[in-house]
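Please look over the sequence and the model shown below before reading on. The report that follows takes up a helix pair and then a sheet.

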Amino acid sequence: MNTQELIALGAVAMASLFLGARFFRSYMAEPLSRFFLKRNQVRAAMWARKQVRSGCADCGQCDTTAPEQALRERPPARHSAQND
Amino acid sequence: MDQAVQDGVAVATRSTPPVSERYARVALAGNPNCGKTALFNALTRGRQKVGNYPGVTVERKEGTAKTPAGRSLSVLDLPGAYSLDARSPDEEVTRDVLLGTQLGEEAPDALIAVADATNLERCLGLVLEVRDLGIPAVLALNMMDLARERELDLDISALQSALGIPVIPTVAPKSQGTRELLASVEGAVELARASGSSTKISWRAPGAPEIRQRFTEVDRILALAIKKPAKPTFWTDRIDGVVLHPFWGSLILLAVLAIMFQAIFTWASTPMDWIEGSVAAVGNALSNTLSEGPLRSLLVDGIIAGVGSILVFLPQILLLFTFILILEDSGYMARAAFLMDRTMGRVGLHGRAFIPLLSSFACTVPGIMATRTIENRRDRLTTILVAPLITCSARLPVYSLLIAAFIPNQVIWGPVRMQGAVMLGLYLSGIFAALLVASILRKTVFSGPKPALMLQLPTYKWPDPKNVMLGLLERASIFIKRAGTVILALSILIWFLASYPKPPADAPSETPGIAYSFAGQIGKTLEPIVQPIGFNWQIAVAMIPGFAAREVMVGALATVYAVEGDVESESGTELLASKISRDWPLATALSLLVWYVLSLQCLSTLAVTRRETNSWKWPAVMLGYMTVLAYTGSFVTYRLVLLMERL
């Protein structure tokens, strides 16, 4: 393996790592966090939750996952008492 | 912060000032379209898009502002709401943040109620509601320049004493009144803290008598504060007479879209040539500098061919967004929503679906997230499921490449040329497919009544060049960042897959090396599946990385052909276009275009659908129906074109 090939394959390894990490953070970290939480492994769940980033994160409109999470986790009819 | 629900009333008690460095936490609340986001920008100098149609602020936005005394305020931009009696998820967020019952969110120490000075009748209802919460509040009387233009004579001190809170006139785009506003907020917080007592925030959903009473109160305050009412919006009404006309309005909308897509091809060609020339020069320089080997191949065939062929489309994407931003800023987009509501209503889509669908022209991800403004679950799911059919900007490079390769740029009529017309046709096909699928869904799985749309039409105004420029800079940086990260990494990976393993020593010389590579093997495996719709193995290979970013398909094709040795990669997209126009039949190109109009092919869209629906069922349904639709559409197109060619 000559120097050119070594550098080229090094670049391939770095690109693969970058894409792998991005894929993990975008699509796997959140389900993994829930998986750990179900098994009461809170530290692991918190670690996985910290890795989460939203789908594309390119437009800047989806980089705040906290309120979305809160939205989803909110009980659906909290104010039903006064609405009735 | 203590929170509780006592006897059906949300109650929160704030007893101590925040311990963090910031002096206070301030929330901005107001009706949609009252200039709240523009005021947030002016206060925080943050960069955020300002739109003219309701519901643009769906996300949480927080920034920092400095008071004239140098204190730091944390400013939270809340979603637009007409009342605390929420009717949609984003209105619920506003209510819950103000009540201090939103998970993960502290209750604000003070509140800036924002009202459109030209439309106080509509805005004061919410102002009265939030004033009664008991949080220290200041009213920002925004759009005062428009109010003066329309000769509205307001007695600010009368308004202030009638409301019982400070009133500060502001003009958000010019940052007028922001210092006074911040000083007033600081004063209100100081006063509340000096009084020492804890504030009890309480709210109860109003019944009909309370609502009637509030309207009466609004009328009373307006009678006291308005000395001379604003003149009617003469020009806006006259323009709307034509622009909202069922026939002429639709014709104007179609003409605007036609000009937009024509311009994308005509005006973008020169800057595209410049970028293409620069990419080619870099490729040539690298070819001449480096000796033959894997590194040169990676740089020239992988990175330059892959990333370069996508960067070329930057001018077209920026032109598309220039049009969108100007139309938004001028107030025309809300009219387009109104016109489209008739068509959308016929297929059972909610009028509020227009905003998410419009956002989907940029990217489906924020489009799907914007469906939170739709209160009904059936309407929301229908919109989520059809949003990916709207042509996003990532499809533009694929369309442009295929159109440039296969569609002659001949004049159809006047300035209208064939390539622009085909581009418009592709965008319209996406809209048509979305409406068709929505109609089917609403008649079957999501059947039910369609609520009416209440849409406030803003007055026309000249687009703010600063606003448009900021929007364009944001789009350009997104595109370049994407090219420099995901697309670069994918290009490197595709190069590797197309170059390794090397052909065996005894391989016949007429077989290209790529046939032995991973990409060649994957392509050959997939070929039987895509052959019926006219795709070859190179397209099959290029479609895989397209799941990560649709536009990578162009770069992947460029890399595959460059590694194959058929295209002088350093010469860029033009040669790729001429190569595919020679190699592919027209039927394949049209079939691929139909595939790109109808197929999902976007992992981010699936992920955001999963998040927004909190279920894997809907992403699976979306992927399934769109793949079947795209395959059927491509199959029919391919076979029909072949049949027509034979005749």
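At what angle do helix 8 and helix 13 of chain B pack, and how far apart are their axes?

## Basis of the model

This is a predicted model, in which local features need pLDDT of at least 70 and side-chain atom pairs count only at pLDDT 80 or more, while totals for chains, interfaces and linings use all residues. Residues are numbered from 1 along each chain as its sequence is written, chains are lettered from A and ligands numbered from 1 in the order in which they are written, and side-chain values use heavy atoms, with hydrogens and water left out.

## The helix pair

Helix 8 (residues 234-243) and helix 13 (residues 332-346) of chain B pack at about 40 degrees, with their axes 11 Å apart; helices here are DSSP runs (H or I) of at least four residues and strands are E runs of at least two, numbered from the N terminus, and angles run from 0 to 180 degrees between N-to-C directions of axes fitted to C-alpha atoms, for helices over the stretch in contact.

The contact (heavy atoms within 4.5 Å) is made by B:Thr236, B:Asp240 and B:Val243 of helix 8 and B:Tyr332, B:Arg335 and B:Leu339 of helix 13.

## The sheet

In chain B, an open sheet of six strands has the order 4-5-3-6-7-9 with mixed pairing, where two strands pair if DSSP finds at least two bridges between them. Its edge strands are strand 4 (61-66) and strand 9 (167-169), each pairing on one side only.

Strand 6 (residues 110-116) of chain B runs parallel to strand 7 of chain B, joined by six bridges, and B:Val114 has B:Ala140 of strand 7 as its bridge partner. Six of the six residues of strand 7 (residues 137-142) of chain B are buried, so this strand is largely enclosed by the rest of the structure; buried means under 20% relative accessible area, exposed over 50% and partly exposed in between, with a 1.4 Å probe and protein chains only.
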